[in-house]
Amino acid sequence: MGNRLKGMLETLGDLFWLRPAGLVALGLLLASLAIAADRADSLPEWLSPWVYSGGEAGARDLLGAVASSTIGVAGTVFSITVAALSLASGQMGPRLLRNFTRDRGNQAALGIFLGTFAYALVVLRSVRSVEEGAFVPHLGVTGALLLALLCVGTLTWFVHHVANGINVDVVVDLVHRELSTAIGDLTSATETLSSPSASLPGTAIALRKGGHLRTVDEGALADWAAARGTALTLLVRPGAWIFPGVPVAEVADATIAEDATEAVASAFAIGTRKAAAQDLEFAVRQLVEVAVRALSPGISDPFTAMAVLDRLGSALCEVVPRHLPGNIIIRDGEVVLHQVVTNYDGLCDAMFHMIRQNAANSPAVLLRMLDVLGAVLQAERQPVRRATLLRHAELVATVGRASLTDPAALSALGTRIERLAESARKAEATEYS
């Protein structure tokens, strides 16, 4: 249930309109409270000098000006946001738009202007002339003035925020922080349960609905299998695309295959977009997309790719003391669920394969990749992981030798390969000493 709740919260975070709608509702509530306080005439004496004291005509003009100006600026804010999204989509990839739509600052800025507009309208409709009953909401008008000042400050901050938000270094750092959070949430400080052997094949389970697998409630599936004395094997993991009619799991007991299909369907959260709640490679793919686009012939920006490699190396250093998720779940001493998980090989493949393939003609990026692998190699203490890092270093060296023609670049490539080999020998000597 916890994983399903995480997925629901992430889905709510993707809704750009949710926070602005909440601020509009807050504006309506504040306006109603201000009008009620004015009708009750419960204003303290010490506040009187700071409260609007004009008449009905002045109140109408002031509230009308606040309402018309804030809705106009709200349209401008929306236009700036769309322009920033278009620019970011072209330079860094459309999948990174998720980070802009989830940005609390953009949502809050639009919500403040819309909430102020709603507040001013509600207070304006309560103003009455002498013929209508003579009511001027002095406290409500004062609140509109304060909100107008807040909007001035918000507009100034918003321009700075958008200009800073489309900076590629800021975007890369934002995605790196998301990756760091995922590492903390989806890895553990203690060793997890894993089995090197695959489970016995069983009856295939397929779903009718297709889409991206966003989250899986492994705990519920493990409990279901334990209660029925059987075992489930998941064939997909969060982040995978589910094809209708293609097996996604297997159940050991063929007599309860229909019941197992219902359990798997209820435990799987399938949507049109990927989610980061259980997918460790989600933020990795976002970073890699930025690097690959930066290396495209139309942009040719190796500095952005090098910045991405630095963040990927930092993420691997964060993984050094952590343990990746285990592939089995045990209930009462029996393995009841086998699952597909992200391992270290897969994580490194997702980080480096596409960047290396697109950086064949960029010696700066290839050399930085070797530097990053060398730095992680010095921090890593597990032999299996070091072998993975050395494998990627050899792949980079192979690409470099085949594609680079600059003698200086080839010499630097050889120097870094020798340095990596020396680091590996020192690590092995330390391990066996």
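Reader: What span should the 28 residues of helix α6 have, and how far apart are its end C-alpha atoms?

Author: In this predicted model, helix α6 covers residues 138-165. At 1.5 Å a residue, its 28 residues should span 40 Å, and the end C-alpha atoms are 40 Å apart, which agrees.

Reader: Which residues of α6 are buried?

Author: The general idea is this: an α-helix has 3.6 residues a turn, so residues three or four places apart point the same way. In α6, the buried residues are G140, V141, T142, G143, A144, C151, T154, F158, V162 and G165.

Reader: In what order do the strands of the five-stranded open sheet stand?

Author: The order is β1-β5-β3-β8-β7, and the pairing is mixed. β1 (203-206) and β7 are the edge strands; each has a single partner strand, so one side of each is left without a neighbour in the sheet. Direction ignored, neighbouring strands of this sheet are turned by 30° against each other on average.

Reader: In which sense do β3 and β8 pair?

Author: Strand β3, residues 232-234, pairs with β8 in the parallel sense, over two bridges. Within this pair, T233 stands opposite H338 of β8.

Reader: Which strands of the sheet does helix α9 touch?

Author: Helix α9 (residues 257-267) packs on the sheet and touches β1, β3 and β5 (247-251). The direction of α9 makes about 40° with that of β1.

Reader: What is the order of the open sheet of three strands?

Author: That sheet has the order β4-β2-β6, with antiparallel pairing. Its edges are β4 (241-242) and β6 (268-271); each has a single partner strand, so one side of each is left without a neighbour in the sheet. Strand β2 (residues 211-216) pairs with β6 in the antiparallel sense over four bridges, and H212 has G271 in β6 as its bridge partner. Helix α9 also lies across β2 and β6, running at about 60° to β6.

Reader: Where is D332, and is D332 buried or exposed?

Author: D332 lies in the loop between β7 (328-331) and β8 (334-338). Although D332 is not a glycine, its phi is positive, about 55°. D332 has a relative accessible area of 81%; because exposed means over 50%, D332 counts as exposed.

Terms used
Residues are numbered from 1 along each chain as its sequence is written. This is a predicted model: local features need pLDDT of at least 70, side-chain atom pairs count only at pLDDT 80 or more; totals for chains, interfaces and linings use all residues. Side-chain values use heavy atoms; hydrogens and water are left out. Buried means under 20% relative accessible area, exposed over 50%, partly exposed in between (1.4 Å probe, protein chains only). The expected span of a helix is 1.5 Å times one less than its number of residues. Two strands pair if DSSP finds at least two bridges between them. Axes are lines fitted to C-alpha atoms, for helices over the stretch in contact, and angles run from 0 to 180 degrees between N-to-C directions. Contact means heavy atoms within 4.5 Å.
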